[in-house]
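This report goes through selected side-chain contacts, ring pairs and confidence values of one protein model. The sequence and structure come first, and the description follows.

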Amino acid sequence: MTSSQPIKTPRPRQLLLVGMIALVVAGAIASSGLFSRARSKQDLVQWTTAQAVPTVALATLQYGDADRALTLPGTIQPYYKASIYARVSGYLKSWGKDIGAPVKAGEGLASIEAPDLDQQLAQARATLASAKANYDIAAITANRYAILIKSQSVSQQLADQSAADAAAKKAVMDANEANVRQLEAMQSFKQIVAPFDGVVTARNTDIGALINAGSAAGQELFEVSDLHRVRIYVQVPQAFSADLHPGLKATFQMPQYPGQKFDATLITTSNAMNATSRSMLVELQADNPDGKLFAGAYCRVDFLIPNDPNMMRVPATALMPANRGMQVAVLGADNKVALKPIQLGRDFGDSVEVKAGLAPQDRVIDSPPETLQSGDAVQLASGTPASTAEAPSQPPKR
């Protein structure tokens, strides 16, 4: 069926207007695409740049306890200890004090029978009596000549000879008298006595035993110890020697008294290192009113060493091995990295003690990348506390 209506043809002006509108729309679409692509490229560059800067977190610095515990073995010794030897030779006649017996100063421990010494003393006394008799005669003769010389009944030479003879006889008498006193003093050593108040801790002789005088040829007869106060000797490693000083308090324990602690005070140090063990001998003292502490006993000494206020601990994950030791990465104010060598102290497993190399205000990076170098720029991880990022907490007040 054929339509009877005529078809309208668009005018040229309308076609031109439609073409211009289409051209404008096409240009806008093209421009939007170009701008979108440029923005995406810029975002990609920024993201790539951001990914090239490492993201790090800060480690929390911890400060040690107020005191550090140091446990070392020690040996208990008496406050005074005397090894007693004989001064005269002979045989042991008797002994009156056995081991463990308390004694007072001057109290007898044993008696020695010395017949040789007794005979020497008897001979010396007889010689002294003879010398005294000779001197008496010479003195009388000299006095008589001194009287006769006034009347010129004797010569001056004879009077002088008698006076000189009397002086010589007196010198002989004095020498024999001194010998007698010496032997009498030696006889007093037949009685062995305690040198001070204490306890007999050793007896190494018995009745009838041959006794030789002196410590070279003879043996130790008794040992007396003063245990009212004891000395405790401890070998301290060189690393801790600078922390120990007189007056430092300590406690010690003994195996025979489980769970019981005794107080002690450090009195002095030897100020010298043992070349073999590289340790220093220190002496502590403790009261022993109950007599529970014995000479030669082993004990475990616990020192409480004051901590250095500048000492700090860092996590073990913050350490970076170096060719000549250990170092950590520190974050500066401009987010630039600085590698600092440090000196380590004790190892606590999850953390280590830093003895030198760090300041309280340093911001230490935790788990730093292995490729991190001094001067590298880094960025902090999101959610990092402001206090941790700015500075570590201050050391505890002492």
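Leaving aside neighbours within four places in sequence, T205 is in contact with L92, I211, L221 and F222. T205 lies in the loop between β7 and β8 (210-211). T205 counts as buried because its relative accessibility is 7%, under the 20% that sets the limit for a buried residue. The model is predicted, and confidence is taken up at the end.

**K97 and its surroundings**

K97 is found in the loop between β3 (90-95) and β4 (102-103). With E107, the contact is polar: the two side chains are joined at 2.9 Å. K97 and V199 are 102 residues apart along the chain, and their C-alpha atoms are separated by 9.5 Å.

**Charges over rings**

A second case involves K292, whose charged end sits over the ring of Y257, 5.6 Å from its centre.

**Aromatic pairs**

The structure holds 4 aromatic pairs. Two of them are set out here.

| Pair | Geometry | Centre to centre | Angle between planes |
|---|---|---|---|
| Y80 and F196 | tilted | 5.9 Å | 50° |
| F252 and F262 | stacked | 5.3 Å | 25° |

Y80 counts as partly exposed because its relative accessibility is 44%. F196 has a relative accessibility of 18% and therefore counts as buried. Ring pairs link Y80 and F196 with Y79 into a cluster.

The pair of F252 and F262 joins strand β10 (residues 249-253), which holds F252, to strand β11 (residues 262-273), which holds F262; the two residues are 10 apart.

**Helix α2**

Helix α2 (residues 115-148) has 34 residues, so at 1.5 Å a residue it should span 50 Å; its end C-alpha atoms are 50 Å apart, which agrees. Which residues of α2 are buried? They are L117, L121, A124, L128, A131, A138, A139 and A142. The buried residues of α2 pack against α3 (156-188).

**Confidence**

The protein averages a pLDDT of 83, and 84% of the residues score at least 70. Where is confidence lowest, and where is it highest? The lowest mean, 40, belongs to helix α5 (residues 386-390), and the highest, 96, to strand β12 (residues 279-287). Over residues 386-398 pLDDT stays under 50, and for this stretch the model has 28 contacts beyond four places in sequence.

Key. Residues numbered from 1 in each chain as written. Predicted model: local features only at pLDDT ≥ 70, side-chain atom pairs only at ≥ 80, totals over all residues. Heavy atoms only, no water. Helix = DSSP H or I, 4+ residues; strand = E, 2+ residues; numbered from the N terminus. Polar contact = N/O pair within 3.5 Å; in protein donor to acceptor, adjacent residues only side chain to side chain. Phe/Tyr/Trp six-rings, centres within 6.5 Å; stacked < 30°, edge-to-face > 60°. Buried < 20%, exposed > 50% of the residue type's maximum accessible area, 1.4 Å probe, protein only. Lys NZ or Arg CZ within 6 Å of the ring centre and 35° of its normal. Expected span 1.5 Å × (residues − 1). Contact = heavy atoms within 4.5 Å. pLDDT = per-residue confidence, 0-100.
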